[in-house]
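I opened the model today to look up a handful of local features. My notes are below, one topic at a time.

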Amino acid sequence: MTDALDNAPLLEPGQSLAGVTDHVSDIVLKRPTGRLWLAAFALSLALTGLLATGIVWLLMRGVGIWGLDMPVAWAFAIANYVWWIAIGMAGTFISAALYLTRQDWRSPLTRYAETMTVFAVSVSGLFPILHLGRPWFFYWLAPYPDRMNVWPQWRSSLLWDFFAIVAYLIVSLLYWYVSMIPDLATLRDRATTRGRQVFYGLLALGWRGEARHWKRFETLSLLLAALAVPLVFSVHSMVALDFSEGLLPGWHSSIFPPFFVAGALFSGFAMAMVLGLPLRHWFQLGDFITPRHIDNLAKMMLAAGLFVDYSYLMEIFTAFYGMDRYDVAMTMQRFSGAYAWVFWTTIACNVVAIQALWWPRVRANRAALFGISVLVLIGMWFERFMLIVSSLYHDFLPSSWGMFYPTFWDIAFLAGSIGLFFLLFLLFVRVLPIVSMSDMRKLVHRLQGTRP
């Protein structure tokens, strides 16, 4: 995996402290809103409106508007939930884990990766609530004191998900916001209108760049990073237990926690690539997000993908090695059953497509990387759908078998969630800095010896 880019510079020559600040802050304060952004915003807003319509209809009619039926009582909603919460994992890994290990190359990627985490986890949290049937009673999952002394079922995976998502969302929000405080102060000082000065001034919390401010900032950032990294592994391990605690063939497997963590990082790195390449092109960030950053991100995606591929192989191996007839039947159904096309689509996207990343020439081709990353995101959604439906539609007894057929609203909720994510992200790039100016100034100082 060693190539010429391993020793390439992390910054293009000629960068300065003032130049970094000017470039990033001008994107927010001076760059006009282009037609491409408006078109993307309009499409995202339309899809978000479709999601809002679907939620209203769901509250009026119930989960029956989806294609759910016995025996397939889980389908698109849970697949969407697992897919979105997985996408957020890599953002925390890029920002927090690489921060703890003092990796300089993380600096231009952290801000949009953290933002990806916050928005993806927020979107994912909608689906378990909507899937409850009576979502207005979602607060019953919390152990609040009440007169009837009715406490949540602590053995329920829904309760585990509730605490996992809430804890991860709170830590991610804090880490994302705290890391922006120095940059918000920079925007406050550079803003030319009173409204922006007040807006960024309130968000900057009185930051003046004093030594005591920096000391507290570094201490809090370190603590939040140390909290966030274990949550990356614990949250998706908790999601894996939603399945592995069940006794259905295809679910009851001890490999699921590490398998789900690897899959989360895999899809998260793919989304980081899908977002990073257009941002690099549209906002002229090539001096900051260099080919070395893109190459490193592609290698991390390949490494996570290979672990996922190994997990696929182990699932098949253990089914035939254990010779449990139900596991063998479920595996054969994935190969040639009614949903075999889902399995082979997953293999094509997650196993075959990523093998091209072994070649440096492919990792240097932006169009190829973008296409492979999109295929990975598609493949990981199909993998979640396959995992859920293939174990439910053929149960132990033939009398319990039944097909799942998605409805218009299943597709609408998936498309609407994608629209909501990109709507939030598009608003972010117009209002807040997409690259951490403070981290980039530190990087310039370390690499070029510039006086701070």
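**Ground rules.** The model is predicted, so I kept its cut-offs in view: local features need pLDDT of at least 70, side-chain atom pairs count only at pLDDT 80 or more, and totals for chains, interfaces and linings use all residues. Residues are numbered from 1 along each chain as its sequence is written, and side-chain values use heavy atoms, with hydrogens and water left out.

**Salt bridges.** I took a salt bridge as a side-chain nitrogen of Lys or Arg within 4 Å of a carboxyl oxygen of Asp or Glu. By that rule I get 10 salt bridges.

I started with arginine 190 and aspartate 22. Their side chains form a salt bridge at 2.8 Å, N to O. Arginine 190 lies in helix H6 (residues 157-190) and aspartate 22 in helix H1 (residues 17-29), so the pair ties together parts that are 168 residues apart in sequence. Helices here are DSSP runs of H or I with at least four residues, numbered from the N terminus.

Next I checked how open the two residues are. Buried means under 20% relative accessible area, exposed means over 50%, and partly exposed is in between (1.4 Å probe, protein chains only). Arginine 190 is partly exposed at 34%. Aspartate 22 is partly exposed too, at 32%.

I then looked up aspartate 189. It forms a salt bridge with arginine 188, with the closest N and O atoms 2.9 Å apart. Aspartate 189 is exposed, at 57% relative accessible area.

Glutamate 210 was next. Its salt bridge partner is arginine 212, and the closest N and O atoms are 2.8 Å apart. Glutamate 210 is partly exposed at 29%. Arginine 212 is partly exposed at 41%. Shared partners join Arg208, Glu210 and Arg212 into one salt-bridge network.

**Surface patch.** Which residues make the nonpolar surface patch of about 440 Å²? I noted Leu132, Phe138, Tyr139, Trp140 and Leu158. Patch residues have over 30% relative accessible area and no salt bridge; like charges are joined within 9 Å, and nonpolar side chains (Val, Leu, Ile, Met, Phe, Trp, Tyr) within 5 Å. The areas come from the Shrake-Rupley method with a 1.4 Å probe, and for residues only the protein chains shown count as cover.

Leucine 132 is partly exposed, at 31%.

**Backbone.** I found a cis peptide bond between methionine 70 and proline 71, with omega about 10°. Proline 71 sits in the loop between helix H2 (35-61) and helix H3 (76-100).

I also noted positive phi values in residues other than glycine. Arginine 102 has phi near 55°. It is in the loop between H3 and helix H4 (110-124). Arginine 102 counts as exposed, at 54% relative accessibility.

Glutamine 284 has phi near 50°, again positive in a residue other than glycine. Its place is the loop between helix H9 (256-282) and H10. Glutamine 284 counts as partly exposed, at 46%.

**Serine 311.** Is this residue buried or exposed? Serine 311 is buried, with a relative accessible area of 0%. I located serine 311 in helix H10 (residues 291-322). I took contact as heavy atoms within 4.5 Å. Not counting residues up to four places away in sequence, serine 311 touches Ile255 and Phe259.

Terms used:
Helices (H or I, at least four residues) and strands (E, at least two) are DSSP runs, numbered from the N terminus.
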